[in-house]
Amino acid sequence: MYADKDPGSLKVVGTPQRRVDVLEKLTGAARYTADLKLPGMLYAKVKRSPHARARIIRIDTSRAAALPGVRSIITGEELPYRVGLYIVDKYVMARGVVRHFGEAVAAVAADSIEIAQRAVDLIEVEYEVLTPVLDPVKAFDRRSPLVHPDLGEYEYVEAVFTPVPGTNIANHTKLRKGNLAKGFREADWIVEREYTNPSVQHVPMETHVAIGQWGPRDQVTLWSSAQSPFTVRNLFCHAFKLPHKNVRVIVPYVGGGFGGKAGIHLEPLVACLSRKAGGRPVRLVATREEEFSLLPCRSALTYRIKTGLRNDGRIVAQKMTMFWDAGAYADYAVNVTRASGYSASGPYEIPNAWIDAYTMYTNKPFGTAYRGFGHVEFSWGIERHMDLCARTIGMDPLEFRKVNALRPGSLTLTGERITVNTGNVTKCMEEVAKAINYGRLTAREKAREKRTGKKIGKAVAALHKAPAMPPFTSTVVILRMNEDGTVTANFSLSEIGQGTYTSVAQVIAERLKFPMEKIRVCLDTDTEHDPYDWQTVASKGLVLTGNAAILAAEDLLRRAYGTAGQILRAHPRDLDHDDEKVFLRHHPDRSVTFREMAVGYAYPDGNGIGGQIVGVGRYIAQGLSNLNKETGQGHPALDWTYGAHGIIVEVDPETGEYNVLKVASAFDVGKAINPECVRGQAVGGMLQGLGTAVCEGYMYDTEGHLLNPSFTDNKVPTAMDLPEEVESIAVETPQIDGPYGARGVGEHPMIAVCGALGNAIQNAVGADLTHMPMRQEDVWRALRKKTSINHFITRCGFGCKR
């Protein structure tokens with residue numbers, strides 16, 4: 001919408017406005033779920049399993065129940081309710097069996113946290129320990145123990161997902177494009193390799209928090225740190241067979257989410273504790289250790305890629321097999337598998353492609369949405385593989401990428417044709433290459449190498465991502481004019497740090513021709529009062545909510561013009577407005593102010609017309625479809641955001657220690673609604689991507705115990721770990737159906753950082769890595785390997801080299 005608007009005519013869009021929530025957050029005035037204290041509130045703690053896979057033989061709660069101050073205790077046997085986003089496979093608490101280390105087996109609500117913890121410690125649980133399923137590739141074997149023997153009985157979204165009963169396959173996404181066998185026959189080279197990465201914790205500043213109150217007549221109120229209040233309500237009502245009108249979900253300020261708060265998690269548990277405690281509200285605040293094991297993480301991935309190349313650098317065929325480690329429950333992992341499946345080749349055109357993406361159940365904490373929604377994980381493999389392919393045929397890796405990059409006229413894996421307005425990944429690559437002086441060392445860099453004895457390497461990696469969402473995803477924005485002519489906006493995104501509320505306020509201000517000071521957006525969300533939005537995920541918020549905001553603004557103006565036309569005795573088409581009044585175009589001195597009309601206009605004799613000026617905007621994704629289950633063909637993408645990273649790294653060739661000197665990032669955002677918000681996302685996402693690349697990842701022993709469930713052994717980067725230089729570049733190819741040409745960029749800065757870093761390290765010292773994170777000791781080991789990491793390179797007609 002308004003993608004063709006002359007940038008010079010925009011007054012608010014495209015300017016670095018201050019974030020609408022900055023003062024509340026900086027001063028501590030913002031109230032989060034954990035800040036809420038309700039009359040009679042109880043405090044909950046959870047008893048967690050010390051085993052990854054076990055039968056529950058007996059749970060004895062008698063000693064806990066006798067403790068003064070304990071008001072309710074529940075175990076899984078009392079809760080025959082299953083929840084699930086796409087496959088309904090998870091009980092509120094473990095019933096009969098435990099499926100992962102840290103799973104909840106009992107819970108207590110008491111007068112204080114201390115009493116609740118003492119009670120939990122008094123609960124006795126007897127287990128029969130079973131051998132866990134820990135490797136997603138081994139779980140694929142039909143002889144593997146089944147994590148979910150009852151998979152065939154579960155409800156699931158049949159139009160989209162394909163669980164395979166009698167196996168550990170929670171979903172199988174297939175994609176077939178062109179003729180794979182023919183493509184490989186035409187190849188001059190065939191390159192194969194496997195790439196892996198572990199599960200990772202989201203680490204929001206605010207852990208998961210929920211308060212539940214089960215009132216009379218099954219009226220339930222939930223306060224939650226959730227990203228998606230309407231999804232919480234919908235899934236809760238489905239599990240408990242309640243009408244939606246009975247359940248109210250309130251989301252105040254949220255201290256980060258990164259996808260981990262997108263589904264339903266603690267809310268059913270606190271509601272059940274409240275019901276058993278006679279309706280008293282119950283609050284549960286997850287500890288940091290519980291974030292690592294009780295609550296979801298990012299799925300691990302094993303990615304096998306086989307690529308057919310011509311001598312001129314063209315990819316002619318590619319077979320891709322993904323084994324996604326869903327952990328114990330499907331949650332979002334099945335949709336991650338689907339989304340990664342149709343994006344699996346990265347921003348490159350593959351004429352003949354074959355993809356099998358499997359979501360595998362294992363006995364680990366379950367996977368869910370995570371910033372980038374699978375693209376961070378598979379981009380590690382794709383971008384390392386692109387460099388391997390380029391080296392194989394003796395071609396510069398950047399040129400190899402440009403030869404194969406999607407461009408106008410290209411067909412994606414699902415058969416969507418790329419247009420000029422889809423975006424420009426080649427320009428993104430060229431911008432970052434220029435920013436890091438790709439292909440050469442500057443005089444300053446040569447001097448640094450000589451001074452330090454370290455080697456400097458450079459690399460460029462490319463990326464793309466589309467919102468992963470149902471084809472019918474919709475949102476609503478409501479604008480209300482207040483008595484003084486200011487405007488209040490209500491919509492149901494969750495502001496989790498991405499800055500979308502500020503950008504939407506700018507869109508509203510631009511369309512109304514009002515200054516930002518006259519626009520207020522309500523930052524908390526309440527399903528009782530606020531309009532519907534599907535979820536705050538997938539970088540879809542700015543596009544869908546921004547368009548709905550434009551429509552709401554136009555509806556508000558239409559109503560204002562209708563009232564003004566009666567007052568001024570003029571046709572609405574002859575009217576115009578500024579930030580104070582509506583006036584006649586041909587007689588600007590004849591006008592009526594918004595303040596006079598805001599809640600109803602009164603003539604001098606007291607007669608009134610109009611009423612409050614309200615605008616409603618509804619917007620739904622257009623032209624999308626489910627994918628064909630056999631071929632993967634269809635139209636899943638609302639839009640594509642392209643990007644690239646250029647990295648400069650210095651590596652000690654003796655020790656493997658390395659430092660990231662510079663990261664340059666470019667994203668085709670369509671239109672930067674707020675350039676400072678774009679930069680904030682670019683820098684924050686890049687640093688989060690470096691964390692994934694350098695140090696983060698779950699570690700397990702052979703029995704499935706998580707060995708690093710805290711910041712002691714599971715490090716995350718801080719501001720102290722920023723590269724010496726960071727550059728953020730906004731490319732602007734307008735998205736025709738985006739608000740003022742914009743497209744989302746919240747997730748993209750994290751994608752492909754890992755592959756760019758791995759390639760830069762190899763270019764510096766030759767260390768060849770296929771697993772991330774790339775800890776310094778991993779680089780050291782790679783430097784001392786006598787042979788390369790296992791890969792197969794076949795020069796067609798000349799045999800095989802390994």
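## Basis of the description

Two strands pair if DSSP finds at least two bridges between them. Helices (H or I, at least four residues) and strands (E, at least two) are DSSP runs, numbered from the N terminus. The model is predicted, so local features need pLDDT of at least 70 and side-chain atom pairs count only at pLDDT 80 or more, while totals for chains, interfaces and linings use all residues. Residues are numbered from 1 along each chain as its sequence is written, and side-chain values use heavy atoms, with hydrogens and water left out.

## Overall form

The protein has 19 helices and 35 strands. Its radius of gyration is 28 Å, close to the 28 Å that the globule rule gives for 802 residues, so the protein is as compact as a globular protein of that length. The radius is taken over C-alpha atoms, and the rule is 2.2 Å times the number of residues to the power 0.38. Along the principal axes, the C-alpha trace spans about 95 × 75 × 55 Å.

Of the 802 residues, 63% count as buried (under 20% relative accessible area, with exposed over 50% and partly exposed in between; 1.4 Å probe, protein chains only). The accessible surface comes to about 30000 Å², and 50% of this belongs to carbon and sulfur atoms (Shrake-Rupley method with a 1.4 Å probe; for residues, only the protein chains shown count as cover). Among contacts (heavy atoms within 4.5 Å) with a separation of 6 or more, 79% are between residues 24 or more positions apart.

## Strand β18 and its partners

Strand β18 covers residues 353–361, and eight of its nine residues are buried. Strand β9 (residues 169–177) pairs with β18 in the antiparallel sense over eight bridges; here Leu175 has Ile355 of β18 as its bridge partner.

Strand β17 (residues 315–327) pairs with β18 in the parallel sense over nine bridges, and the bridge partner of Lys319 is Trp354 in β18. From β17 the chain crosses through helix α9 (residues 333–343) to β18, in a right-handed β-α-β crossover. Right-handed means that, with the strands pointing away from the viewer, the path from the first strand over the helix to the second runs clockwise.

## Helix α18

Helix α18 (residues 753–765) has 13 residues and reaches 19 Å from its first C-alpha to its last, close to the 18 Å expected at 1.5 Å a residue (1.5 Å times one less than the number of residues). Because 12 of its 13 residues are buried, α18 is largely enclosed by the rest of the structure. The buried residues include Val753, Leu757, Ile761 and Val765. Just after α18, Gly766 takes a positive phi of about 85°.
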